[in-house]
Structures are given as structure tokens and as C-alpha cells.
Amino acid sequence: MTIDILLFLILALVSVSAALGMLLSRNAVYSALFLVLNFATVAVFYILLGAPFIAMAQITVYAGAIMVLFLFVIMLLGADSLAPGKVLPWQKPLAAVLAFVLVVEAAYLLAFRGAPTGAVIRPEASVNSVESLREMGMVLFNQYLLPFEVTSILLLVAMVGAIVLTKQEKGGQK
């Protein structure tokens with residue numbers, strides 16, 4: 001077992017544990033912090049694959065900016081911990097069936113499709129050059145500027161909508 005495989009297995013365990021912690025945590029702030037840990041481990045995966053720019057973008061954009069926005073909204077709305085909700089009678093059997101389907105699918109993929117077909121090689125040095133990053137930036141801000149801006153406006157509208165809906169609920173309770 002090489003050091004790369006050992007590091008991958010440790011990071012995979014941390015990543016899956018952080019994802020489970022995010023899903024199972026009753027506190028929204030803890031869930032957001034588990035998500036930051038998950039984003040950081042994904043960034044390390046990118047570094048292992050030889051993509052340092054994408055790793056730094058992952059840290060900057062997701063673990064930095066978006067998580068600050070999430071934490072700001074959580075603190076603004078006062079939704080630190082989830083209130084005990086109603087459990088509908090069909091939720092647990094449906095969750096059990098979907099979990100079983102997921103486990104069967106994962107086992108099938110690992111058993112029959114999990115064998116690697118070729119060697120994973122690192123990208124050429126020219127791929128991680130400043131010139132290729134400059135070209136990617138030019139494409140992003142020339143050809144894909146409109147979708148980029150529309151996505152940012154949609155995120156802003158969703159945040160404002162969540163604030164308005166929560167404030168109306170709180171106002172109605174008083």
C-alpha cells in the first residue's frame with residue numbers, strides 16, 4: 001500500500017464522517033462547520049489529483065465565501081438548532097428502502113464496475129501553468145459571464161426569500 005492510497009483512505013474516511021456529521025447534526029452551525037471540513041478534504045483530494053488551482057478555488061469559494069454566507073444567514077435567522085419536527089408515518093419506511101437501494105447500488109458498482117481500466121496519471125505541467133489559468137479566466141468571464149451573474153442573482157434572491165419567509169413566521173407568532 002503506497003502513501004497515496006493510505007492518504008486517500010484516511011481522507012475518504014474523514015470526508016464521509018464529516019458528511020454524516022453534517023446530515024445528522026441537530027445544530028445548524030455544527031452542520032455548517034462539518035460542511036467546511038468536507039470542503040477542505042475535497043480540496044486535498046484535488047491536490048492529490050494534481051489540480052492545485054481547483055483546490056484553492058474550492059477553499060476560497062466554498063469553504064470561504066459560501067460558508068460565511070451560510071453562517072451569516074443561520075445567525076441572522078436564529079436557526080441554530082432544529083425544532084423537533086413531525087415525523088410522517090411513511091418517512092421512515094421510505095428512508096429505509098432508499099438506503100437499501102443505495103447500498104445495493106454501491107455494492108454492485110464496487111463489485112462489477114469498480115475495477116480500474118487504466119492508470120491514473122498526473123496532468124502535464126503545462127496544464128497548471130499561468131497561461132492556461134489566464135485562458136480559463138478569459139473563457140469564464142467572456143463566454144460564461146451571463147450564467148455566472150444569473151447564478152449569483154438567484155443565490156441572492158433565495159437568501160432574501162428565506163429571510164422574508166422566516167421574518168413573517170416570527171412576526172405571526174408574536
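## Phe-141 and the ring pairs

At 45% relative accessibility, Phe-141 counts as partly exposed; the term covers the range between buried (under 20% relative accessible area) and exposed (over 50%), with a 1.4 Å probe and protein chains only. Phe-148 is partly exposed as well, at 43%. This is a predicted model, where local features need pLDDT of at least 70 and side-chain atom pairs count only at pLDDT 80 or more, while totals for chains, interfaces and linings use all residues. Residues are numbered from 1 along each chain as its sequence is written, and side-chain values use heavy atoms, leaving out hydrogens and water.

The whole structure holds four aromatic pairs; rings of Phe, Tyr and Trp (its six-membered ring) pair if their centres lie within 6.5 Å, and planes under 30 degrees apart count as stacked, over 60 as edge-to-face and the rest as tilted. One of them joins Phe-39 and Tyr-62, with centres 5.3 Å apart and planes at 40°, so this pair is tilted. Phe-39 belongs to helix H2 and Tyr-62 to helix H3 (residues 52–77), so the pair ties together parts 23 residues apart in sequence. Phe-39 is buried at 16%, whereas Tyr-62 is partly exposed at 38%. The rings of Phe-141 and Phe-148 have centres 5.8 Å apart and planes at 80°, so they pair edge-to-face.

## The overall layout

What does the chain look like as a whole? It has six helices and zero strands; helices (H or I, at least four residues) and strands (E, at least two) are DSSP runs, numbered from the N terminus. Of the 174 residues, 15% are buried. Contacts are heavy atoms within 4.5 Å, and among those between residues at least 6 apart in sequence, 67% join residues at least 24 apart.

Let's visit Ser-15 in helix H1. Ser-15 is buried, at 12% relative accessibility. Leaving aside residues up to four places away in sequence, Ser-15 touches Asn-38, Thr-41 and Phe-45.

Leu-6 also lies in helix H1, and is partly exposed at 39%.

## A look at helix H6

Leu-165 sits in helix H6 (residues 145–173). Is Leu-165 buried or exposed? Leu-165 counts as exposed, with 54% relative accessibility. Leu-165 and Leu-77 are 88 residues apart in sequence, and their C-alpha atoms are 10.0 Å apart in space.
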